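Subject: Handover of a structure and the findings from it

Dear colleague,

Please find below the sequence and the structure that I am handing over to you. My findings follow directly after them.

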Amino acid sequence: QVQLVESGGGLVQAGGSLRLSCAASGITLSRCAVGWFRQAPGKERECVVAISRTISNTYFADFVKGRFTISRDNAKNMVFLQMNSLKPEDSAIYYCAADPTPDPYVVKVVQSEYDYWGQGTQVPVSS
């Protein structure tokens, strides 16, 4: 059974930082394209950051460029989202997603491309 579990969310003040973690079981993240998505109330879920298997290719949404980074720890089977300079408009539920792929370079930014999702972690940013 595949499980993705996000952690690290919580209330933060504008300008602050958070590090979200995504821990996987039943799946090897190093064999997956991985993405972080977010969904704010009343809005569509959107891709924030995505990374290929080999971390050579990444995608950053324009609204997080220069503020968010993504990293992997293959030994721990985890992926991290470092969020700096947070803004109130970053408030959302953040989801980790993974999709096994033979292509080591593909980056996936569309929800439907992902087979596995975590339950989400809430990130409220106060002004």
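In what follows, a residue is called buried under 20% relative accessible area, exposed over 50%, and partly exposed in between, with a 1.4 Å probe and protein chains only. This is a predicted model, in which local features need pLDDT of at least 70 and side-chain atom pairs count only at pLDDT 80 or more, while totals for chains, interfaces and linings use all residues. Residues are numbered from 1 along each chain as its sequence is written, and side-chain values use heavy atoms, with hydrogens and water left out.

Cysteines

By that definition Cys-47 is buried, at a relative accessible area of 8%. Cys-47 is placed in strand β5 (residues 46–51); strands (E, at least two residues) and helices (H or I, at least four) are DSSP runs numbered from the N terminus. A disulfide requires a pair of cysteine sulfur atoms within 2.5 Å. For Cys-47 the closest cysteine sulfur belongs to Cys-96 and is 11 Å away, which is too far for a bond.

Taking a contact as heavy atoms within 4.5 Å, and leaving aside residues up to four places away in sequence, Cys-47 touches Trp-36, Phe-37, Tyr-59, Ala-61, Phe-63, Lys-108 and Val-109. Trp-36 is eleven residues from Cys-47 along the chain, and their C-alpha atoms are separated by 6.2 Å.

The structure holds one disulfide. Its partners are Cys-22 and Cys-96, with an S to S distance of 2.1 Å. The torsion about this S-S bond is about -75°, so the disulfide of Cys-22 and Cys-96 is left-handed. Because Cys-22 belongs to strand β3 (residues 18–25) and Cys-96 to strand β9 (residues 92–100), the pair ties together parts that are 74 residues apart in sequence. Cys-22 is buried at 0% relative accessibility, and Cys-96 is buried at 0% as well. Cys-32, by contrast, is in no disulfide; the nearest cysteine sulfur, that of Cys-96, lies 9.4 Å from its own. Cys-32 is also buried, at a relative accessible area of 1%.

A buried asparagine

Asn-77 sits in the loop between β7 (68–73) and β8 (78–83). Its relative accessible area is 15%, so Asn-77 counts as buried. A polar atom of the Asn-77 side chain lies 3.2 Å from the backbone oxygen of Ala-24. This is to be read against the polar-contact criterion: a pair of N or O atoms within 3.5 Å, where within protein one must be able to donate a hydrogen and the other to accept it, and residues adjacent in sequence count only if both atoms are side-chain atoms. Beyond four places in sequence, the residues that Asn-77 touches include Cys-22, Ala-24, Ile-27 and Leu-29.

Nonpolar cores

A nonpolar core is a set of buried Ala, Val, Leu, Ile, Met, Phe, Trp, Tyr and Cys residues joined through side-chain atoms within 4.5 Å. In soluble globular proteins, nonpolar side chains tend to be buried together. The largest core here has 29 residues, and Trp-36, Phe-68, Met-83 and Tyr-94 have the most contacts inside it. Strands β3, β4 (32–39), β5, β7, β8 and β9 each supply at least two residues of this core. Phe-68 touches, among others, Val-48, Phe-60, Leu-81, Met-83 and Tyr-94, not counting residues up to four places away in sequence.

Salt bridges

There are five salt bridges in the structure, each being a side-chain nitrogen of Lys or Arg within 4 Å of a carboxyl oxygen of Asp or Glu. One of them joins Glu-46 to Arg-38 at 2.9 Å, N to O. Glu-46 is partly exposed, at 32% relative accessibility, whereas Arg-38 is buried at 6%. Another joins Lys-65 to Asp-62 at 3.0 Å, N to O. Here Lys-65 is exposed at 51%, and Asp-62 is exposed at 63%.

Asp-90 pairs with Arg-67, the closest N and O atoms being 2.7 Å apart. Since Asp-90 lies in the loop between β8 and β9 and Arg-67 in the loop between β6 (58–60) and β7, this pair ties together parts that are 23 residues apart in sequence. Asp-90 is buried at 1%, and Arg-67 is buried at 10%. Arg-38, Glu-46, Arg-67 and Asp-90 are linked in a network of salt bridges.

With kind regards
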